Each structure stands twice: as structure tokens, then as C-alpha cells.
Amino acid sequence: MEINSDRTLDVNASKGIEEGEYNAGKSLLGNKNATGSSAFILVGFAEAHKFHSLIFAVLMSLYILTIMTNMLIILILKSDAIFNSPMYFFLMHLAGLEAFYMTVIIPKLLENLMVETTFISYIGCALQMFFFLFFGVAESFLMATMAIDRYVAICHPLRYRTIMSKNVCLVMVAGPYLCGTAVGLIHTIVTFSGKFCSSVINHFFCEVQPLLELLCGDTYSNEVLIMGVAIFAITLPFSLIILSYIGIISTICGLPSSESKYKAFSTCSSHLIVVILFYGTCSAAYLRPKSSYSPSLDKILSFSYSIVTPLLNPIIYSIRNKEIKGAVQKLWRKMMSQ
């Protein structure tokens, strides 16, 4: 299917969408689309339309596998008393965030692959952007929380239970969700408060940068604000992680034996791998100016941190954590014996 970004085509293509959802979006966000369209068109992977069936099958398999893997992690962590510690409490929330994070994108993407281009209502696009940012930013700050937890466990082991009390853990896990809400609202309101000169989004979901490309007039102030929020959402938690690991490495280097050093480092190696995967792709996607934006590159980066990372994270934790690996094996043997 050939995609035409001409504005007249955008208006005609979206005439069949009900005006009700558009009016609801206007009242919520105070915006009027300059194209007169009540919906956006998601281009998705139109350039690879010959492989849509293959991509659909792969994505459906990855989605089911990711949901099942993360739900299995949550089930295991809640079912065994051995996992009654702050580290596993945070890991359980991370698994839940991964599952929801992927669910915001994949169902609409699968629909896109089936019909080649798909409509998404004005308010539906705003909601998708909000929840994508909400879960993504919450995960970013939760990783910083997990790094602080590892710092306390390794650098202050005798006071670990006292410092990481139940109330402290609840506050530390609530913080990421509050930050996710704030960032999601700011991004969504700023983006949708402008007027859009086109209805065609050259992406497979309502991502910030592709929508910024559609805004009419000078978008410099929008870019500055969005870049500032992105710096807060990425560099602040990443800085906390770096500071935590400086303290961790310093403590590990002071341990007397190689065995104790290995044991201490093994407790945070899984987290470190996940951090590198997540922040590497997110930084490349968000911490760059609009002038360097490339639709093809942005799709690849978005695919990496929104689809690949949620699948790899539980696998990494399962493989490198003896307790989780043992619990999975125990559950498997129990299922096979029935």
C-alpha cells in the first residue's frame, strides 16, 4: 500500500471516524486538529508490507511469551516465602510494568499489520502516549530504586532490614509511579495543545517525536520543554544508578576474598545488564534534537525498548538469579508430576 501524506487525503481518509471521540479529546486537552480530522493514521511498517504476515506472527509470539514470562515471575515471587525481601518486591513491580508497557503498543500494532494502515482516534492517541510514557518513566525510576536497594544491601548489610523497612519500600515504589504520571501528563498535554498539520503518523504507535513532526508552526518551545522532561526522566534516575554503583564497586573492591567479591557482584549483575539495555536505547531515542530525527531509526529504537527489552528482562533475571531459577525448576517438576 502506498502511503500519501497529503493533507487532503488525510481529511478524506478519516471522514468515516465519528466526531464524538474527537470532541471528547478537544474538551479534555483543549486542542483542535488543523487538518479537521478526528483521527490519526498510523503508518506502521508500510514499507515492509510484503512481510506483514511474518512480522505479525513474530510479534504475536513475542507478545504472548513476554506476558506469560512476566506473569510467571510475579506468580513465583508471590508464592514462595524465600522471595519476601525488598529486592524481589521491586522485581515483582518491574515485571508488572513490563507486561503493561508492552500491552499499550502491541495490540494496536498487530491490528496495523493486519490492515496495513490503521486509524487511531484523537483521544485514543493521546491516551496511548500517556500510558506509554507513564509505564516507561515508572520503569526508569524503578530501576534507580532497585539500584539503591542493592547499594544498601551490599554497603550496609547489617542495617539492610532496618533501612529497607516495609514503609520505606512502599514509598520507594510509589515514587516511580508518581514520576511516570507527571511526565506522561506533561508530554501529552504539551504535544496535544498544539495544532496538527497532518494526520499521518509515520510510526507504529503514538510516539512523542513523530507527533512533534506533525505540529504546525514553530515547535521550538515544545522541543525544549519535551527535551527538559526527557532529561529529567532519563538522566536523573540514571545518575542515581551510577552513584549507587560507584558505592557498590567501592565496597566490593574492599572485600577480603575473591569469592565474597563474586558473590556480592552477582547479586546486582542482572540489574546492571537490564539498565544498560533499557537506558542505552531510551537515550538514543529521546536525548537528541528534532533535526536528527529519522523515522526508520526511531522505529528500530522504539521496537528495541518497547518490545525486545520487556521480553529479555525477566529472562535475564531468571537465568542469573539462583533463587528464581530454582523456583522455576521446582514449579516445572511439580507440573510434570501431575
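Me: What share of residues 119–148 is helix and what share is strand, and how far apart are the end C-alpha atoms?

Reply: Helices (H or I, at least four residues) and strands (E, at least two) are DSSP runs, numbered from the N terminus. Over residues 119–148 the chain is 90% helix and 10% strand, with 43 Å between the end C-alpha atoms. For residues 224–252 the figures are 100% helix and 0% strand, and the end C-alpha atoms are 41 Å apart. Both spans are among those that UniProt, in an unreviewed entry, lists under "transmembrane region". UniProt positions follow the numbering used here, feature names are shortened, and annotations may be inferred rather than shown by experiment.

Me: What should I know about the model and its numbering before going on?

Reply: This is a predicted model, in which local features need pLDDT of at least 70 and side-chain atom pairs count only at pLDDT 80 or more, while totals for chains, interfaces and linings use all residues. Residues are numbered from 1 along each chain as its sequence is written, and side-chain values use heavy atoms, with hydrogens and water left out.

Me: How many helices and strands does the protein chain have, and in what order do the strands of the sheet lie?

Reply: The protein chain has 13 helices and three strands. Two strands pair if DSSP finds at least two bridges between them. Here the three strands form an open sheet in the order β2-β1-β3, with mixed pairing. Strands β2 (118–121) and β3 (200–201) are the edges, each pairing on one side only. Between β1 and β2 there are four bridges, and these strands run antiparallel; Ala39 is opposite Ser121 of β2. Strand β1 (residues 39–42) pairs with β3 in the parallel sense through two bridges. In β3, Val200 is the bridge partner of Ile41, and Ile201 that of Leu42.

Me: Are the residues on the two faces of β1 buried or exposed?

Reply: Buried means under 20% relative accessible area, exposed over 50%, and partly exposed in between (1.4 Å probe, protein chains only). Ala39 and Ile41 on one side of β1, and Phe40 and Leu42 on the other, are all buried. Of the 338 residues of the protein chain, 49% count as buried.

Me: Where is Thr309 found, and which residues does Thr309 contact?

Reply: Contact means heavy atoms within 4.5 Å. Thr309 is found in helix α12 (residues 295–320) and is buried, because its relative accessible area is 4%. Leaving aside neighbours within four places in sequence, Thr309 contacts Glu98, Phe278 and Ser304. In the protein chain, among contacts between residues at least 6 apart in sequence, 81% join residues at least 24 apart.

Me: Is Leu243 buried or exposed?

Reply: Leu243, in helix α10 (residues 220–253), has 57% relative accessibility and therefore counts as exposed.
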